[in-house]
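Please read it alongside the sequence and the coordinates.

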Amino acid sequence: MGLIKTLARILRHRWQDDRDTHRAIPPALVDRLMRRVAASEKRHTGEIRICVEAGLPTSYLWRGATARERAITLFGKLRVWDTEHNNGVLIYLLLADHAIEITADRGLNRHVTSAQWQHLVAHMGDAFGAGRYEDGLTQALEEVSALLVEHFPLEPTPGGGTAVRPNELPNAPVLSGNPLLKE
């Protein structure tokens, strides 16, 4: 990437700030997403995290890192990989680049093709391009949930009741400004 392009990208990312994230994902939406993640996780053994950042950290920008690289880093930092069945999923949105990434652990990736992930991201992209963040995140959450239910359903207990499983990761979306996102 040339110096001019790098500087333009840095300016675009620095122009975005935490307020932009909170305008795109206001508190009421954070609450709705948290409840949707919790409801989803009652149907399968997977764990889903949502992360929205306004812009990449400066160190990422100077080296020309992509949203994908950041999503993979956050996948580890947010401990999405640390689930009993290796079936955690991170839905990552980077506002400055209008980038969407879905990172899944190896347990789920054994069952889902890259074409399926690309199709899911394309659906999200249409909604985000139109500024419909809730629609895009809800669509992604529903599609990821369907994959987890298909491949990692919550099995009933031997007595026929509903199994109760521990919630391994927080359900609340992680937004710009959260200390977990610091470099």
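Seven of the seven residues of β2 are buried, so β2 is largely enclosed by the rest of the structure; buried means under 20% relative accessible area, exposed over 50% and partly exposed in between, with a 1.4 Å probe and protein chains only. The model is predicted: local features need pLDDT of at least 70, side-chain atom pairs count only at pLDDT 80 or more, and totals for chains, interfaces and linings use all residues. Residues are numbered from 1 along each chain as its sequence is written, and side-chain values use heavy atoms, with hydrogens and water left out. Helices (H or I, at least four residues) and strands (E, at least two) are DSSP runs numbered from the N terminus.

**Sheet**

- An open sheet is formed by four strands in the order β3-β2-β1-β4, and its pairing is mixed; two strands pair if DSSP finds at least two bridges between them.
- The edge strands are β3 and β4 (174-175), each of which pairs on one side only.
- Strands of a sheet pair through backbone hydrogen bonds, either parallel or antiparallel.
- Strand β1 (residues 47-53) runs parallel to β2, and seven bridges join the two.
- Along this pairing, Glu47 stands opposite Gly88 in β2, and Ile50 has Ile91 of β2 as its bridge partner.
- Strand β2 (residues 88-94) pairs with β3 in the antiparallel sense over six bridges.
- Here Leu94 stands opposite Ala99 in β3, while the bridge partner of Leu93 in β3 is Ile100.
- β2 and β3 form a hairpin with four residues between them, and His98 in the turn has a positive phi of about 50 degrees.

**Burial of the strands**

- From β2, Gly88, Leu90, Tyr92 and Leu94 point one way and Val89, Ile91 and Leu93 the other way, and all are buried.
- Strand β3 (residues 99-104) has six of its six residues buried, so β3 is largely enclosed by the rest of the structure.
- Both faces of β3 are covered, with Ala99, Glu101 and Thr103 buried on one side and Ile100, Ile102 and Ala104 buried on the other.

**Helices across the sheet**

- α7 lies across β2 and β3 and runs at about 145 degrees to β3; axes are lines fitted to C-alpha atoms, for helices over the stretch in contact, and angles run from 0 to 180 degrees between N-to-C directions.
- α8 lies across β1, β2 and β3, running at about 160 degrees to β2.

**Helix-helix packing**

- Two packed helices are described by the angle between their axes and the distance between the axes.
- Helix α7 (residues 114-129) packs with helix α8 (residues 133-151) at an angle of about 160 degrees, and their axes are 7 Å apart.
- α7 and α8 are therefore roughly antiparallel to each other; angles under 35 degrees count as roughly parallel, over 145 as roughly antiparallel, 65 to 115 as roughly perpendicular and the rest as oblique.
- Residues of α7 including Trp117, Leu120, Met124 and Phe128 meet residues of α8, among them Leu137, Ala140, Val144 and Leu147; contact means heavy atoms within 4.5 Å.
- The residues of the contact of α7 with α8 divide into ten nonpolar, four polar and two charged; Ala, Val, Leu, Ile, Met, Phe, Trp, Tyr, Cys and Pro count as nonpolar, Asp, Glu, Lys and Arg as charged, and the others, Gly among them, as polar.
- Helix α3 (residues 27-40) and α8 pack at an angle of about 10 degrees, with their axes 10 Å apart.
- That angle makes α3 roughly parallel to α8.
- The contact is made by Leu29, Arg32, Leu33, Arg36, Val37 and Ser40 of α3 with Glu134, Leu137, Thr138, Leu141 and Ser145 of α8.
- The residues of the contact of α3 with α8 comprise five nonpolar, three polar and three charged.

**Val52 and Ser176**

- Val52 belongs to strand β1 and is buried, with a relative accessible area of 1%.
- Leaving aside neighbours within four places in sequence, Val52 is in contact with Thr21, Ile25, Leu93, Leu95, Leu137, Val174, Leu175 and Ser176.
- The C-alpha atoms of Val52 and Glu150, 98 residues apart along the chain, are separated by 26 Å.
- Ser176 lies in the segment after β4 and is buried, with a relative accessible area of 8%.
- Not counting residues up to four places away in sequence, Ser176 touches Asp18, Thr21, His22, Val52, Glu53, Ala54 and Leu181.
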